[in-house]
Amino acid sequence: MSGARTAPPAGAEELSPTKRALLELMRSRRAAGGGVVVLRDGAPGAGDPLVLVHPIGGGVFCYAELGRRLPPGRAVWALAADGLLDGAGPEPTLAELARHYRELLAAEGLRTPAAVAGWSFGGVVAHEMARQWSAGTDRPAPPVVLIDSAPWPEEAGAWTPAETLRAFVEDLLGWSGTEGHEALTPATWELPATEALASAMLQLRLNGQDLGLSAADLHIKYRVFARATRVMRAHRPARHTGPVTMIRAADSPARPEPWAALCDGPDLDVVTVPGDHFGVLRDPVVRRVAEVVAATLASI
């Protein structure tokens, strides 16, 4: 996950009005327990919404620029992690998580979306949701767009607590556009989670890098990340009959072969874009991602 990254805004006051409004919406949804977030209302007669599934961190703020770049008219909804991932209850399987998200959409009056897409972990969930929508029925599956997404390699083992902590902080740094790995001492990851996170944030601040997260938000994000990691590790995607498009970053380790092997209908459509895993949802690459998603919607 290498490549040039731009520094993030220092605070919410420096965000565009659109992103600032979405940030406030996400904060309110977090307080209410996550679930369906309407990123953009649709025009009358524009058809069913596009649904975007959250990545491994659980939030959907990452889709702000993509939503803005999509052609106007069709509604754009997103699924933010709720109590099933950030709660203290039993850990779901990924199939159960996909079913739960389908039920949330049905409760909002949406039987089947125009298409379902997801970045990273969100793509794995989106693939399972689409498979479930068509399983055992005559209904066609909605198109799936995998945004630099890959299933957990079967040969890879589960992460240790130290590996999970390190991956979590590296994910935060990657999404924020910050290079800060060298500022963190290896001993950080051997501490208990609460102490490790506090130590990592302190080391980053001393290095002039503040991710702008409260301790409470940080621990919620870590809980979601850790649970989602285990959920993804245990999941083995099943064959799927519907159309699937993979948008793959050129500098990303995500490969199309695992998804191609699961296509039980149209061949996998692969579109390669420049940059790394985190750059796919940032300008200028997100413009190309939006074009691919828009073409998928136009083909329905």
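At what angle do the axes of helix 6 (residues 161–176) and helix 8 (residues 215–234) cross, and within what distance do they come? They cross at roughly 120° and come within 10 Å. Here helices (H or I, at least four residues) and strands (E, at least two) are DSSP runs, numbered from the N terminus. Axes are lines fitted to C-alpha atoms, for helices over the stretch in contact, with angles running from 0 to 180 degrees between N-to-C directions.

A word on the model comes next. It is a predicted one, in which local features need pLDDT of at least 70 and side-chain atom pairs count only at pLDDT 80 or more, while totals for chains, interfaces and linings use all residues. Residues are numbered from 1 along each chain as its sequence is written, and side-chain values use heavy atoms, with hydrogens and water left out.

Back to the helix pair: helix 6 passes helix 8 in a right-handed crossing. A crossing is left-handed if the near helix is turned anticlockwise from the far one by less than a right angle, and right-handed if clockwise. On the helix 6 side, Pro 161, Thr 164, Leu 165, Ala 167, Phe 168, Asp 171 and Leu 172 meet Leu 218, Lys 221, Tyr 222, Phe 225 and Ala 226 of helix 8, contact meaning heavy atoms within 4.5 Å. Sorted by class, the residues of this contact come out as nine nonpolar, one polar and two charged. In this scheme Ala, Val, Leu, Ile, Met, Phe, Trp, Tyr, Cys and Pro count as nonpolar, Asp, Glu, Lys and Arg as charged, and the others, Gly among them, as polar.

Helix 8 has another partner in helix 7 (residues 193–206), and these two axes come within 11 Å and cross at roughly 120°. Helix 7 and helix 8 are therefore oblique to each other, and helix 7 passes helix 8 in a right-handed crossing. Ala 193, Thr 194, Leu 197 and Met 201 supply the helix 7 side of the contact, with Leu 218, His 219 and Tyr 222 on helix 8. This contact has five nonpolar, two polar and no charged residues.

Seven strands form an open sheet in the order 1-3-2-4-5-6-7, with mixed pairing; two strands pair if DSSP finds at least two bridges between them. At the edges sit strand 1 (35–40) and strand 7 (269–273), each pairing on one side only. From one strand to the next, the twist averages 20°. Strand 2 (residues 50–53) and strand 3 (residues 76–80) run parallel, joined by four bridges, and Val 51 stands opposite Trp 77 in strand 3. Helix 5 (residues 121–134) packs on the sheet, touching strand 2, strand 3, strand 4, strand 5 and strand 6, and its direction makes about 155° with that of strand 4. Helix 10 (residues 285–298) lies across strand 2, strand 4, strand 5, strand 6 and strand 7, and runs at about 175° to strand 6.

Strand 5 (residues 144–147) is covered on both faces, with Val 144 and Leu 146 buried on one side and Val 145 and Ile 147 on the other. Buried means under 20% relative accessible area, exposed over 50%, and partly exposed in between (1.4 Å probe, protein chains only). Four bridges join strand 5 in parallel to strand 4 (residues 115–119), where Trp 119 has Ile 147 as its bridge partner. Four bridges also link strand 5 to strand 6 (residues 244–249), again parallel, and Val 145 stands opposite Thr 245.

Some loop residues deserve a look too. Asp 148, in the loop between strand 5 and helix 6, is buried at a relative accessible area of 2% and has a positive phi near 45°. Ser 120, in the loop between strand 4 and helix 5, also has a positive phi, near 60°. Most residues other than glycine have a negative phi, and most peptide bonds are trans. A cis peptide bond joins Asp 283 and Pro 284, with omega about 5°, and Pro 284 is found in the loop between strand 7 and helix 10. Within helix 5, Gly 122 is buried, with a relative accessible area of 0%, and touches Val 53, His 54 and Pro 55, not counting residues up to four places away in sequence.

Technical notes:
Angles under 35 degrees count as roughly parallel, over 145 as roughly antiparallel, 65 to 115 as roughly perpendicular and the rest as oblique.
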